[in-house]
Amino acid sequence: MAKVKIAFPTEKGGLDDVVYDRLGRTPTFTIVEADTETGEILDVKIVKNPGYEAGSGAGVKAAQVIADAGATVYAGPNPGPNAYAALQYFKVKVIPGYVGLPVREAVKKVLEELRKEEQG
Amino acid sequence: MLDSKVELVVASGKGGVGKSTVTSSLAIVAAEHGYKMVAADADAEAPNLHIVLGVASWDREEPYYEGRVAYILEDKCTNCGVCAEVCPLGAVEEKGGKYWINPFICEGCITCSINCPEHAIRYKHRVQAGWIRLREKTKYGFPLVSGEITPGRPNSGKLVTEVKNYASKVLGGEGLLLVDAAAGIGCQVISSLTGAHLAVLVTEPTPAGFSDLQRIHRLTKHFMIAPMLVINKYDINEEFIETIEEYARAENIPIVGRIPYDPAVPKSMAKGVPVMEAYPSSPASKALKEVSEKIAGEILPKWREFRSKYKPRKPEPYIPLILHDTSRG
Amino acid sequence: MPPLVSFTGGKGGTGKSFIATNIAYLLGLERRHLLADLDVEAPNDHILLGVKELGEKEPVPIFFPRIDYSKCTLCGACAKVCDTGAIIMSKNRPPIVMPRLCSGCKACLYACVYDAIKPGARIIGFMHTTPVTIGESAFTLITGVLHQGEEHTAPLVHGVKSRALRRAREDSVPLLVDTGAGTGNSISIAIQYSDLVVAVTEPTPLGLHDLRAILEITRGLGMRTWVVLNRAGIGDSDPHRRLAREYGVEHYHEVPYAKEAVEAYVKGVPVVAYAPNSRVAEKIRELYDLMRPIIAG
């Protein structure tokens, strides 16, 4: 079974919350672990984002939290230049979009996107 | 009129090219068109939208707290002076052998406290770093949210976030969120841009203006924001206009307005009145009205189409870091 | 400490460089001195003084961490103490530094207990030293220029100001400082140790707003402050006069708007030299005479 951990920026967090419209200062991240073949959701964690409190460098701190949580995919609004570079360094794949969608739905779409790329 | 929240940011890189003039004109015209809207002044180092829009008093003023400032515990301090040596900004001042940390300089890094042999340095947390102010109804009908940094405090991206979040809350759902972006480069500008759907980039035809335009445009590409260009004081340098227009063509940025240099603008700013009101038949006023009508009357009602047409194809690859030896990973 | 007078004014365009360069010219008629232009994002004193080319330049470095990966244990302390988020690392990736976010505070250097961070440097800008001669007036202009793309002005302002202070002390000459626009901590650094702060404003609502911000800083620091209202006549200056009184400012001075000032700007000559008999030149000389006991030491 192939698994993947996807990080979504969220306000309160959880599968029923919607994808937030910013990365650096999103209050939380919802980390969803899913089976890439069946799409089954195996685990859901909500982590606080230290970037939320940061005066500066929020995007980078947020990228750090995503990497620390073990996510290999980030899905949400486009990261800024510094956050983008940090995510690249941490080898986290960036799939932009899904703002406003419930996380549960976004997970399905992201898995689809990943499958398409693999077959690509 | 708008079935969801649409965020339009007016940005320019360095200040002084006429950003606030464009934002205030656009806000007034959008209000005339009947949009449900909120204006947000995210230029916290030098907020001046409220001055042009004739806001003389606020309905709500909330202090904004951020960061920390170091201070020395006098009874533990032995006046060794190590803190003064290591402070990267020279914030530790000495007078008659005694040391004091200047709170208007200190940014709260931990260097002095880590080096103090007596552990005599503490931090005051949640320092007041600014204000967030609300005027529920300007004389044009819409609310204005304005952020300001306390003099002496460093710039803050978080304050900009708070201003925009507050403005979104006041807007409450669908409508236009019009943001006057922070000037400069760095966190406060990045924070002004995230979440925006459309950007009005304001530039002037000078070498400095052009390089600022390129920089701010690159940032909008990162956030997949659909840009449009306004060239201010366009007649001060006819030769440079070519360069700017060529860049706009190559980058697929529609030019929505050209404002001539006009002494009526600084004159009206000195009075604290929008130029379209103070000198309605002056050349700049006419041009500003035209641009604002175009944006409020043509572009905004069909903003989704505008976005599909002018949004960047894909995010700009931009690696601002130096890669060190990565043999460990 | 040599006598130090700084000129500041909030948002750009109020005329603090105009006042600073004219005072520098007048002082230069009497004695050698230093004028430091700390408007590091867009210095323009040299333009007002008609300097064709800035003089000798010296790079201004600030601390930048160099990571010794043979000693690094991936403990993460450096990333944790970094306030600006310039150091990033994760479980599988060693720490790296993002130069544009690093403000040179050295917290990482002191936080690493494995001696894996060594002091390095990176250049954030330049300091130019230019001898200025206008007629009988002679002095030295120091100009700080921040590298394009650098976000933090404070470290460069501190670097150039320290060098200017050292030089003024060594040569035993007075130091004049033109602080640059804004009201952030770069301004506080620029006016540090001033015997007198001259807050330049203009009779507009924006000018009033920025004047209040500057006076908040100087009052908070207990610094001797004067207010100069530049371009008097183009608008209502009563609020500014009242504000100055409210803050207990020692002296309030008005300098009129004059087309001679605009002409002098275009020519690149201080107006007191270009049009010495004009009213505006007279008022500036008056201001200088009041300042002499403080500056000329």
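1. A word on terms before the notes. Helices here are DSSP runs of H or I with at least four residues, strands are runs of E with at least two, and both are numbered from the N terminus. The model is predicted.

2. Start with chain A as a whole. Chain A has three helices and five strands. Read from the N terminus, their order is β-β-β-α-β-α-β-α. The radius of gyration of chain A is 13 Å, close to the 14 Å that the globule rule gives for 120 residues, so chain A is as compact as a globular protein of that length. Along the principal axes, the C-alpha atoms of chain A fill a box of roughly 40 × 30 × 20 Å.

3. Of its 120 residues, 57% are buried. Now take the contacts in chain A between residues at least 6 apart in sequence: 54% of these join residues at least 24 apart.

4. Next, a helix pair in chain A. Two packed helices are described by the angle between their axes and the distance between the axes. Helix H1 of chain A covers residues 58-68, and helix H2 of chain A covers residues 81-89. Their axes come within 8 Å and cross at roughly 25°. Angles under 35 degrees count as roughly parallel, so H1(A) is roughly parallel to H2(A). The crossing of H1(A) and H2(A) is right-handed.

5. Which residues make the contact between H1(A) and H2(A)? From H1(A) come Gly59(A), Val60(A), Ala63(A) and Ile66(A). From H2(A) come Asn82(A), Ala83(A), Ala86(A) and Leu87(A). Sorted by class, this contact has six nonpolar residues, two polar ones and no charged ones. An α-helix has 3.6 residues a turn, so residues three or four places apart point the same way.

6. Look at the backbone of chain A next. Most residues other than glycine have a negative phi. Lys91(A) is not a glycine, yet its phi is positive, at about 60°. Lys91(A) sits in the loop between H2 and strand S5 (93-96) of chain A. Lys91(A) counts as exposed, at 55% relative accessibility.

7. Tyr98(A) also deserves a look. Its phi is positive, about 70°, although Tyr98(A) is not a glycine. Tyr98(A) lies in the loop between S5 and helix H3 (103-119) of chain A. Is Tyr98(A) buried or exposed? Tyr98(A) is buried, with a relative accessible area of 16%; the cut-off for buried is under 20%.

8. Turn to chain B and helix H9 (residues 264-271). The buried residues of H9(B) are Ala264(B), Val265(B), Ser268(B) and Ala270(B). Within chain B, they pack against helix H1 (19-32), helix H10 (275-278) and helix H11 (283-299). They also pack against helix H7 (205-220) of chain C. After H9(B) comes Gly272(B), whose phi is positive, near 75°.

9. Lys139(B) lies in a loop of chain B, between strand S6 (121-135) and strand S7 (144-149). At 58% relative accessibility, Lys139(B) counts as exposed. What does Lys139(B) touch, not counting residues up to four places away in sequence? Lys139(B) touches Leu53(B) and Glu277(B). Lys139(B) and Gly54(B) are 85 residues apart in sequence, and their C-alpha atoms are 7.5 Å apart in space.

10. Chain C has a helix pair to check. Helix H1 (residues 16-30) of chain C packs with helix H11 (residues 279-295) of chain C at an angle of about 65°. Their axes are 10 Å apart. The crossing of H1(C) and H11(C) is right-handed. H1(C) contributes residues including Phe18(C), Ile19(C) and Leu26(C) to the contact. Among those from H11(C) are Val280(C), Tyr288(C) and Met291(C). By class, the contact of H1(C) with H11(C) has 11 nonpolar, one polar and three charged residues.

11. His253(C) belongs to strand S11 (residues 251-256) of chain C. His253(C) counts as buried, at 3% relative accessibility. Leaving out residues up to four places away in sequence, His253(C) touches Val227(C), Val228(C), Leu229(C), Lys283(C), Glu286(C), Leu287(C) and Leu290(C). Leu287(C) is also part of the contact between H1(C) and H11(C).

12. Finish with Gly235(C). Gly235(C) is in the loop between strand S10 (225-232) and helix H8 (238-246) of chain C. Gly235(C) counts as partly exposed, at 31% relative accessibility. Gly235(C) and Arg166(C) are 69 residues apart in sequence and 41 Å apart in space, C-alpha to C-alpha.

Methods. Residues numbered from 1 in each chain as written. Chains lettered and ligands numbered in written order. Predicted model: local features only at pLDDT ≥ 70, side-chain atom pairs only at ≥ 80, totals over all residues. Heavy atoms only, no water. Axes fitted to C-alpha atoms, helices over the stretch in contact; angles between N-to-C directions. Parallel < 35°, antiparallel > 145°, perpendicular 65-115°, else oblique. Left-handed = near helix turned anticlockwise from the far one by under 90°. Contact = heavy atoms within 4.5 Å. Nonpolar A, V, L, I, M, F, W, Y, C, P; charged D, E, K, R; others polar. Rg over C-alpha atoms; globule rule 2.2 N^0.38 Å. Buried < 20%, exposed > 50% of the residue type's maximum accessible area, 1.4 Å probe, protein only.
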